[in-house]
Amino acid sequence: MSKLGRIFIRSCSFQLPNIVTWSPADLIDAQNCSDGLAVVLLNRPILLHKEYFRSIWNNAKVRITVDGGTNRWVDFVKGHIGTEDQLKAPDLVTGDFDSCTDESLAYVTRLNCRIIKTPDQNATDFTKSLMTLQNTGYHSEISRVLVLCESSGRLDQIMANINTLFLAPKILPNAFVFLRSSNSLCWLLPAGVHRINIPSRLVLEHIWCSLMPIGHRAVCSTSGLRWNLDERVMEFGSLVSTSNTYSEQEVEIKTDSAVLWCMGTSPKDM
């Protein structure tokens with residue numbers, strides 16, 4: 001079996017046709033997550049715990065900063081004493097560079113980072129960074145892409161990030177793309193049956209989760225949640241499943257079309 005095949009099975013094993021098992025604990029806690037992982041830093045504040053960010057960044061197979069995300073990376077390095085020696089340089093620096101400062105570009109240039117300008121205005125810098133992974137050949141080495149962003153602030157940018165999740169399977173058909181913020185992990189569940197292994201602390205602390213149709217209706221059934229669905233039609237203007245939590249450590253979701261799964265990663269604030 002090829003190295004990529006081993007990575008793919010480890011990150012998302014197909015037990016039966018169209019049944020996908022997800023084990024996101026390593027992306028939540030940044031432990032043992034190096035195999036086939038690319039990390040993409042978008043232009044949002046880095047609110048993740050310093051040690052989490054350092055671990056997930058340094059252990060990744062490929063590290064990318066996207067446009068203003070390069071400013072965020074440079075500021076983080078300069079703002080943490082000793083981090084410059086500990087934090088690996090980006091492998092790729094991409095974007096149209098309308099948000100990246102000349103100082104940041106000069107900084108990563110001195111580090112011999114590979115800088116690729118993507119001026120096309122018909123796609124977001126995030127979408128184009130996935131295209132760059134494909135075009136540079138890194139796609140053959142990765143099975144997962146963890147995108148570091150925040151889920152507050154510009155609603156249009158948040159929706160654009162979700163749109164990229166829908167585009168990602170066409171750009172990187174052999175990799176799964178996850179959105180990671182300081183308090184959540186989100187990804188797209190395509191039509192089919194999904195089993196998600198939930199870290200025990202999230203179950204014990206009654207951390208929130210949600211299941212949402214984006215742009216179209218979805219008929220869903222679930223088990224393992226506090227409030228389960230039984231062949232329920234979900235769509236905006238009707239039912240969406242938010243502010244849910246867990247009753248078991250394994251959640252099963254059956255859906256006839258793609259839905260967005262989000263899970264909190266920290267204790268409830270209220």
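User: Why is Glu51 called partly exposed?

Analyst: Its relative accessible area is 36%. Buried means under 20%, exposed over 50%, and partly exposed in between, with a 1.4 Å probe and protein chains only, so Glu51 counts as partly exposed. Arg54, with 27%, is partly exposed as well. This is a predicted model, in which local features need pLDDT of at least 70 and side-chain atom pairs count only at pLDDT 80 or more, while totals for chains, interfaces and linings use all residues. Residues are numbered from 1 along each chain as its sequence is written, and side-chain values use heavy atoms, with hydrogens and water left out.

User: What makes Glu51 and Arg54 a salt bridge?

Analyst: The closest N and O atoms of Glu51 and Arg54 are 3.0 Å apart. A salt bridge needs a side-chain nitrogen of Lys or Arg within 4 Å of a carboxyl oxygen of Asp or Glu, so the pair of Glu51 and Arg54 qualifies. Both residues lie in helix 3 (residues 50-59), three residues apart, about one turn of the helix. Helices (H or I, at least four residues) and strands (E, at least two) are DSSP runs, numbered from the N terminus.

User: Which salt bridge ties together parts that are 57 residues apart in sequence?

Analyst: The side chains of Arg195 and Glu252 meet at 2.8 Å, N to O. Arg195 lies in strand 10 (residues 192-197) and Glu252 in strand 15 (residues 250-255), so this pair ties together parts 57 residues apart in sequence.

User: Are Arg195 and Glu252 buried or partly exposed?

Analyst: Arg195, at 22% relative accessibility, is partly exposed. Glu252 has a relative accessible area of 17% and is therefore buried. Elsewhere, salt bridges that share partners join Asp29, Arg201 and Glu205 into one network. The structure holds nine salt bridges.

User: How do you know that the chain is as compact as a globular protein of its length?

Analyst: The chain has nine helices and 16 strands. Its radius of gyration is 18 Å, close to the 18 Å that the globule rule gives for 270 residues, so the chain is as compact as a globular protein of that length. The radius is taken over C-alpha atoms, and the rule is 2.2 Å times the number of residues to the power 0.38.

User: What is the mean pLDDT of the chain?

Analyst: The mean is 89, and 90% of the residues reach 70 or more. pLDDT is the predictor's confidence in each residue, from 0 to 100. Over residues 1-17 pLDDT stays under 50.

Definitions and conventions:
Contact means heavy atoms within 4.5 Å.
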